[in-house]
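This report goes through one structure, element by element. The sequence and the coordinates come before the discussion.

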Amino acid sequence: MNYSIIGAGIGGLTLGLAFQKDGIDFKIFERFSERKRIGAGIWLSPNALQVYDHLNLLEHIKERGNSIDRITIGRPDLSPIMDNPQDQIKAKFGYSAIAIHRAELQDILIESISNTNLELGKSFESFQLIDNSKVESKFSDGSTFTSDLLIGADGIHSTVRKQLFPNSRIRYSGQTCWRGVSKTTLDSEFDHRVYELWGNQIRFGFSRISKNEYYWFAVALDEPDQKDDLNKSKSKLLDMFDSFYSVVNQLISNTPDDLIIRNDINDLKPLNKWYKNNICLIGDAGHATTPNMGQGGAQAIEDAYCLSLLQSKSPNECVFEQFQKLRQHKVNSIVKQSWTTGKMAHWKYGTGLRNFILGRLPEKYLSRKMIDLYTINAF
Ligand SMILES: Cc1cc2nc3c(=O)[nH]c(=O)nc-3n(C[C@H](O)[C@H](O)[C@H](O)COP(=O)(O)OP(=O)(O)OC[C@H]3O[C@@H](n4cnc5c(N)ncnc54)[C@H](O)[C@@H]3O)c2cc1C
């Protein structure tokens with residue numbers, strides 16, 4: 001059985017690495033001809049890290065990222081609403097989340113993939129089934145590639161999905177997000193923490209990703225598809241978060257204007273099926289979620305591990321049905337919970353009661369919930 005994988009994002013690359021380890025034949029096709037360095041960070045939670053541990057990449061990630069000992073949802077003045085030290089997570093898995101620059105993660109993944117298995121500058125256009133046993137992928141340069149199985153790992157706007165399930169629907173959450181990486185140093189109390197500060201229908205999150213770099217994001221309500229004038233994002237954000245604790249302004253100020261990126265926060269209305277015939281979707285292509293639980297990438301990574309595991313156990317079978325059975329329930333509940341969390345963070349009314357309830361959730365309960373989330377069923 002050989003695979004074509006469309007997309008060299010977190011999901012496609014991790015799947016390639018898992019296949020490489022399990023001796024499964026594959027080729028990845030990525031539309032960009034050179035590595036695109038996204039100026040943002042990512043939190044890799046312990047479920048993602050278990051997979052990277054299995055792929056022998058954990059030490060590289062630890063070296064190039066920053067471990068998180070405490071996660072705090074707070075008010076704009078930094079006072080905690082809900083505070084969760086990660087000791088129990090560490091005790092269970094051996095590590096807590098790691099915050100890392102996305103470009104560093106991408107480098108680690110690409111450096112580990114064999115060159116012959118990755119083709120850059122190949123923009124997938126469409127597929128065609130051949131005798132119900134093979135699938136031919138067609139690319140914008142006119143070339144084609146035939147394989148037994150095809151994986152759409154081409155992100156939320158997946159071209160594979162649009163052909164496979166034309167009725168799939170992307171949902172706008174009503175929230176837009178700015179992200180940046182600030183070269184700055186803060187007091188050592190911020191070294192190993194994630195803060196997410198909830199203000200009046202706006203929020204700001206940050207954590208250190210390397211010695212002198214902090215990743216931050218800012219979220220506000222807005223109409224979809226709004227753009228900022230070039231070089232205006234910074235002053236707009238400085239105004240918006242003026243009343244927040246001083247480090248917020250420091251982080252925004254120390255980020256070059258042209259490196260502040262803005263995206264709407266969307267997810268994918270859950271699909272009934274992730275596969276049809278010999279074609280299957282993984283990661284955001286199949287189940288994009290809002291980023292409120294920091295789980296989109298982690299779920300793409302779990303997909304990669306589980307699919308490779310199932311395929312290596314049944315080398316001559318198509319395992320897509322088993323794959324969906326193993327993964328879909330967990331993924332759908334994350335999509336739902338993440339959507340609700342995002343809405344709750346931007347409530348206009350009832351925030352006093354919300355904060356009161358969140359503040360009284362026992363640490364043991366929060367840790368148990370996190371441990372459930374980070375447990376990979378197939379391990
Ligand atoms: C604001 C924000 C913050 C987030 N924070 C976190 C976090 O902290 N932790 C976490 O786990 N997740 C987080 N996520 C989610 C995470 O970024 C995504 O879930 C993850 O990137 C999905 O990986 P993927 O490989 O499925 O898709 P993508 O990363 O989108 O990769 C898709 C790849 O396919 C390629 N491609 C697309 N179309 C074609 C085509 N036609 N032909 C060939 N190639 C193609 C693209 O160029 C790209 O390389 C966040 C998301 C957002 C928006």
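## Helix H12 on the sheet

Contact here means heavy atoms within 4.5 Å. The model is predicted. Helix H12, residues 351–359, lies across E6 and E14, and the helix runs at about 25° to E6.

## The seven-stranded sheet

E6 and E14 belong to an open sheet of 7 strands, ordered E6-E5-E14-E15-E16-E13-E17, in which the pairing is mixed. The edges are taken by E6 and strand E17 (261–268); each has a single partner strand, so one side of each is left without a neighbour in the sheet. On average, and with direction ignored, neighbouring strands of this sheet are turned by 20° against each other.

Within the sheet, strand E13 (residues 170–183) pairs with strand E16 (residues 213–221) in the antiparallel sense, over 9 bridges.

## The E5–E6 hairpin

E5 and E6 are also paired in the antiparallel sense, here over 5 bridges. Ile71 stands opposite Asn84 in E6. The two strands form a hairpin with 5 residues between them.

Leu78 is found in the loop between E5 and E6. Its relative accessibility is 11%, so Leu78 counts as buried. Most residues other than glycine have a negative phi. Leu78 has a positive phi of about 90° although it is not a glycine.

## Another positive phi

Asp131 is likewise a residue other than glycine with a positive phi, near 50°. Asp131 is found in the loop between strand E9 (124–130) and strand E10 (134–139). At 71% relative accessibility, Asp131 counts as exposed, whereas Leu78 is buried at 11%.

## Helix H13

Helix H13 covers residues 363–374 and has 12 residues. At 1.5 Å a residue the helix should span 16 Å, and the C-alpha atoms at its ends are 16 Å apart, which agrees.

Which residues of H13 are buried? They are Leu366, Ser367, Met370, Ile371, Leu373 and Tyr374. These residues cover an arc of only 160° around the axis, so they lie on the same side of H13. An α-helix has 3.6 residues a turn, so residues three or four places apart point the same way. On the other side of H13, Lys364, Arg368 and Asp372 are exposed.

The cover over the buried residues of H13 includes both helices and strands. Among the helices are H2 (46–54), H4 (87–93), H10 (296–313) and H11 (320–345). The strands include E5 (70–74) and E6 (80–85), which form the hairpin described above.

## Aromatic pairs

The structure holds 18 aromatic pairs. One of them joins Phe204 and Phe241 edge-to-face, at 5.4 Å centre to centre and with 65° between the planes. Phe204 lies in strand E15 and Phe241 in the loop between helix H7 (233–240) and helix H8 (246–253), so the pair ties together parts that are 37 residues apart in sequence. Phe204 is buried, with a relative accessible area of 0%. Phe241 also counts as buried, at 0% relative accessibility.

Phe241 has another ring partner, Phe244. The ring centres of these two residues are 4.9 Å apart and their planes are at 85°, so this pair is edge-to-face. Phe244 is buried, as is Phe241. Ring pairs link Phe190, Tyr195, Phe204, Phe206, Trp216, Phe241 and Phe244 into a cluster.

Where is Arg35 placed? Arg35 is in the loop between strand E2 (25–29) and strand E3 (41–44). At 40% relative accessibility, Arg35 counts as partly exposed, because that class lies between buried, under 20%, and exposed, over 50%.

Leaving out residues up to four places away in sequence, Arg35 touches Gln106, Asp107 and Ile110. Arg35 and Gln106 are 71 residues apart along the chain, and their C-alpha atoms are separated by 8.4 Å.

Terms used: Residues numbered from 1 in each chain as written. Predicted model: local features only at pLDDT ≥ 70, side-chain atom pairs only at ≥ 80, totals over all residues. Heavy atoms only, no water. Helix = DSSP H or I, 4+ residues; strand = E, 2+ residues; numbered from the N terminus. Expected span 1.5 Å × (residues − 1). Buried < 20%, exposed > 50% of the residue type's maximum accessible area, 1.4 Å probe, protein only. Arc of directions from axis to C-beta. Pairing = 2+ DSSP bridges. Axes fitted to C-alpha atoms, helices over the stretch in contact; angles between N-to-C directions. Phe/Tyr/Trp six-rings, centres within 6.5 Å; stacked < 30°, edge-to-face > 60°.
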